[in-house]
Amino acid sequence: MISHFHFIKSNDTGTFKIQKNIHNLFDLLLKSFMFDDNPLERNFISILSLVDIIKDKNFSIISANKMLSDLYLQIDFLHSSGYSISYFQPNDITIFDNNIFRFTNFEKLYPIDKSNQTIYITDTYDLTSSFLSPEMKINSSIPSSIHYSCCYYSIALIVLFSLKNCNSQFNNLSNLQIM
């Protein structure tokens, strides 16, 4: 199953479009982008993964602030729609037109159980990932439940990882020292 958005590059204009997907959460994730126009009809000048940005050492404090702001708004939309994200990996974050950060992985979206504010994780994940919340690291079985807001911890870890890997002034600092 395709878990990330796919993009089509136009040979004529060199721009990109989001490819429609049949995944049952595609429309919700697309709405969470909160673009003024229809994202499926929009031409993007560039589409990059956060992994690409980190490899190019092109992540700054300004990038961190923009990413946090954009992802917070997207997560807030998803929460108001009854869904949350279990955790982030750098390849789950796509940057549109060099300045719009969005989460684009369907497989990490789970419905929120309103009775206890948790998400019920039914898919396996890598317990050695550096971007898991403490609640996810201690899970020893699937399915399991975590609080729906655990994704914020994961975002913070990604920001710290990105800053450390792209800015020499942060290389030798601990996460706590950077914060």
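These legends describe close-up views of a predicted model.

**View 1. A three-stranded open sheet.**
The strand order is β3-β5-β6, and the pairing is antiparallel. β3 (47-49) and β6 (100-103) are the edge strands. Each has a single partner strand, so one side of each lacks a neighbour in the sheet. On average, neighbouring strands are turned by 30 degrees against each other, direction ignored. Between β3 and β5 (residues 93-96) there are 3 bridges, in the antiparallel sense.

Helix α3 covers residues 61-80 and lies across β5 and β6. The helix runs at about 45 degrees to β6.

**View 2. The largest nonpolar core.**
In soluble globular proteins, nonpolar side chains tend to be buried together. The largest nonpolar core of this model has 40 residues. L50, F59, M67 and F88 touch the most other members. Elements giving two or more residues include β2 (16-19), α1 (26-31) and α2 (50-55). The helices α3 and α5 (151-166) and the strands β5 and β6 also belong to that list. α5 gives the most, with 7 residues.

Leave aside neighbours within four places in sequence, and M67 is in contact with L50, F59, I93, F101, I158 and V159. A separate, second core has 10 residues. Among them are Y87, I112, L132 and C150.

**View 3. A cis peptide bond.**
Most peptide bonds are trans. The bond from I142 to P143 is cis, with omega near 5 degrees. P143 sits in the loop between α4 (134-137) and β9 (144-147).

**View 4. Two residues with positive phi.**
Most residues other than glycine have a negative phi. M34 is not a glycine, yet its phi is positive, at about 55 degrees. M34 is found in the loop between α1 and β3. Its relative accessible area is 38%, so M34 is partly exposed. Q117 is not a glycine either, and has a positive phi of about 60 degrees. Q117 is placed in the loop between β7 (109-113) and β8 (118-121). Q117 is partly exposed, at 30% relative accessibility.

**View 5. The aromatic pair F35 and F96.**
The whole structure holds 14 aromatic pairs. F35 lies in the loop between α1 and β3, while F96 lies in strand β5. The pair therefore ties together parts that are 61 residues apart in sequence. F35 and F96 are buried.

**View 6. The aromatic pair F131 and F161.**
The ring centres of F131 and F161 are 5.2 Å apart, and the planes stand at 85 degrees, so this pair is edge-to-face. F131 is in the loop between β8 and α4, and F161 is in helix α5. The pair thus ties together parts 30 residues apart in sequence. F131 is buried, with a relative accessible area of 7%. F161 is partly exposed, at 32%.

**View 7. An aromatic cluster and charges over rings.**
One aromatic cluster is formed by F5, F7, F26, F33, F35, F44, F96 and F106. R42 lies over the face of F35, at 4.4 Å from the ring centre. K108 lies over the face of Y87, at 4.0 Å from the ring centre.

Methods. Residues are numbered from 1 along each chain as its sequence is written. This is a predicted model: local features need pLDDT of at least 70, side-chain atom pairs count only at pLDDT 80 or more; totals for chains, interfaces and linings use all residues. Side-chain values use heavy atoms; hydrogens and water are left out. Two strands pair if DSSP finds at least two bridges between them. Helices (H or I, at least four residues) and strands (E, at least two) are DSSP runs, numbered from the N terminus. Axes are lines fitted to C-alpha atoms, for helices over the stretch in contact, and angles run from 0 to 180 degrees between N-to-C directions. Contact means heavy atoms within 4.5 Å. A nonpolar core is a set of buried Ala, Val, Leu, Ile, Met, Phe, Trp, Tyr and Cys residues joined through side-chain atoms within 4.5 Å. Buried means under 20% relative accessible area, exposed over 50%, partly exposed in between (1.4 Å probe, protein chains only). Rings of Phe, Tyr and Trp (its six-membered ring) pair if their centres lie within 6.5 Å; planes under 30 degrees apart count as stacked, over 60 as edge-to-face and the rest as tilted. A charge sits over a ring if NZ of Lys or CZ of Arg is within 6 Å of the ring centre and within 35 degrees of the ring normal.
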